[in-house]
Amino acid sequence: MKGLERFGLNPGNLYHNLPVEKLVEHTIANKEGVIGMGGATMCKTGRFTGRSPKDKYFVDEPTSNQNIWWGSVNQKIDESVFDRLLDKVVKGLDGSDLYVFDGFAGADLDYQLPMRIVTQKAWHAHFANNMFIRPSADELRDHKPAFTILNACDLTADDYEELGLRSEVFVVFHLAKGLAIIGGTMYAGEMKKGIFSVLNYQLPLRSVLSMHCSANVGNDGDVALFFGLSGTGKTTLSADPNRELIGDDEHGWSENGIFNFEGGCYAKCIGLTEEKEPDIWRAIRFGALLENVVFDEETRVIDFESKAITENTRVSYPIHHIDNALMPSRAGHPKTIIFLTCDAFGVMPPVAKLTPGQAMYHFLSGYTAKVAGTELGVTEPTATFSSCFGAPFLPLHPTVYATLLGEKMRKHQANAYLVNTGWTGGPYGVGHRMNLTSTRRMITAILDGSIESSSFRKDPYFGFEVPNSLAGVDATILDPIKTWSNAEEYQQKAERLVGLFKKNFTEFEPQPGEFTAHGPA
């Protein structure tokens, strides 16, 4: 196949952009998976049921090494080590039947990345077909990939210590060569997040903001972005029957507006019910691909509550499986930006308005809190900070993305809000989770602009503006201290959270006042 010879690949049978029907047939014939709910395919990812971020590396090479944010997120690897690993991959794939998916990442044609996935597994090609933008027949005929992933998932680097790697697993990017190699893990999300990492490197250098967020658009063309870490309600709150879905996870903001990077969705399945997530439930049909779900071998009925394999059960499906998906997946400039947090300390108000400077600060912070674990005696929530709500996927320094956000917000007059879906009336273990109905009413007030007719008070700890009243929402919960039985305990907990924010932000010091001046007092 044209293009593969440059790697020295000599495959057995080569299957290029097979239709989903054929990919499912191959998956079953290769014993990679089985048919389940609604005709969806069910597969297991083996030992790894999530990404291996500590096994991810970037080649230290002159065209990119001055730009990359080196450290624990982006680890250096020498070009000579990459060459040895590439040689292993090529030899490991030699003679194997290979599946190739050619497609695109990015619905904005001015910034679209032609990409290629080469893999040993039919279900990996199915995943790529679900998750990336599928080409037309004409586009496929003229396709020239600018970035390629060689996925040798069955191969391990047994000499990893000699190579200076952490383990036998490797996910390595060579930006100058437009190439990534994967070995030792079958987790399909490595391919999805690999292309996301590439776009997170390339696009900001072209003044396009790349974002880990969901996006939807109203009938009047008003675009809203939803940022949030796992457990904050990003998928649930961005799903709106009255608004079209642009995408659920990865987007760019160019001079043309907002555009989806992907051609599909990759949703968590743990605890899935038709009542809670009707769109995801209906999307699980032929063409969807379920990962690591527990099911009855005889009936194929799925137990969505089971964590026996992993809590990170997933389903991928093409975006057209969503009834109100926008096609093609691009729209105008956002009117509204929403940062979702699940504050288990019970300190954050349920909704607050941010200035552009505060938006940059909270974007850099990427805060949420996880509830206490099962360890005996551990009752305190744990603060979690992830820069730009996606630190593991940022090849550039986080301030690059935050600066772009501020510039675009000011230029296009976008409003930003913080929405807390966490605890009220006290911290986890004392208070209770925010009522979803009330949260949806707050989101509605933000999206329809009615929140702006409220009077606001300044939060004494974080300085952002909090509405005093909203239609259909109990005014008491808008001021967190009023929901606590002991005001002094609230103040102590708030001061503690402020301290955690400040401690986290030392990572970005020294930085200009445009960042630090907009944080908590």
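Student: Which residues line the largest cavity?
Tutor: Arg51, Ser52, Pro53, Lys56, Val171, Phe173, Glu190, Lys193, Gly194, Ser197 and Phe393 line the largest cavity. Keep in mind that this is a predicted model.

Student: Which elements give two or more residues to that lining?
Tutor: Strand E9 (170–174) and helix H6 (189–202) do. The largest share, four residues, comes from H6.

Student: And how does the lining of the largest cavity divide by class?
Tutor: There are four nonpolar, three polar and four charged residues in the lining of the largest cavity.

Student: How much space lies in there?
Tutor: The largest cavity holds about 70 Å³ of space.

Student: How many cavities of 30 Å³ or more does the structure hold?
Tutor: Three.

Student: What classes of residue are in the lining of the second largest pocket?
Tutor: Ten charged, eight nonpolar and six polar.

Student: Different topic. In what order do the five strands of the open sheet come?
Tutor: The order is E2-E3-E18-E21-E17, and the pairing is mixed.

Student: Why is one side of E2 and of E17 left without a neighbour in the sheet?
Tutor: Strand E2 (33–35) and strand E17 (264–268) are at the edges and each has a single partner strand, so one side of each has no neighbour in the sheet.

Student: What does the twist average?
Tutor: From one strand to the next, the twist averages 20 degrees.

Student: How many bridges join E18 to E21?
Tutor: Three bridges join strand E18 (residues 289–291) to strand E21 (residues 314–318), and the two run antiparallel. Leu290 stands opposite Val315 in E21.

Student: Which strands does helix H1 touch?
Tutor: Helix H1 (residues 20–29) packs on the sheet and touches E2 and strand E3 (41–43). The direction of H1 makes about 120 degrees with that of E2.

Terms used:
Residues are numbered from 1 along each chain as its sequence is written. This is a predicted model: local features need pLDDT of at least 70, side-chain atom pairs count only at pLDDT 80 or more; totals for chains, interfaces and linings use all residues. Side-chain values use heavy atoms; hydrogens and water are left out. Ala, Val, Leu, Ile, Met, Phe, Trp, Tyr, Cys and Pro count as nonpolar, Asp, Glu, Lys and Arg as charged, and the others, Gly among them, as polar. On a 1 Å grid over the protein atoms alone, a cavity is a set of points where a 1.4 Å probe fits but cannot get out, and a pocket is an open set with protein on both sides within 12 Å along at least five of seven lines; lining residues have an atom within 4 Å of a point. Grid points are joined across faces, edges and corners, and a volume is the space filled by probe spheres set on the points. Two strands pair if DSSP finds at least two bridges between them. Axes are lines fitted to C-alpha atoms, for helices over the stretch in contact, and angles run from 0 to 180 degrees between N-to-C directions. Contact means heavy atoms within 4.5 Å.
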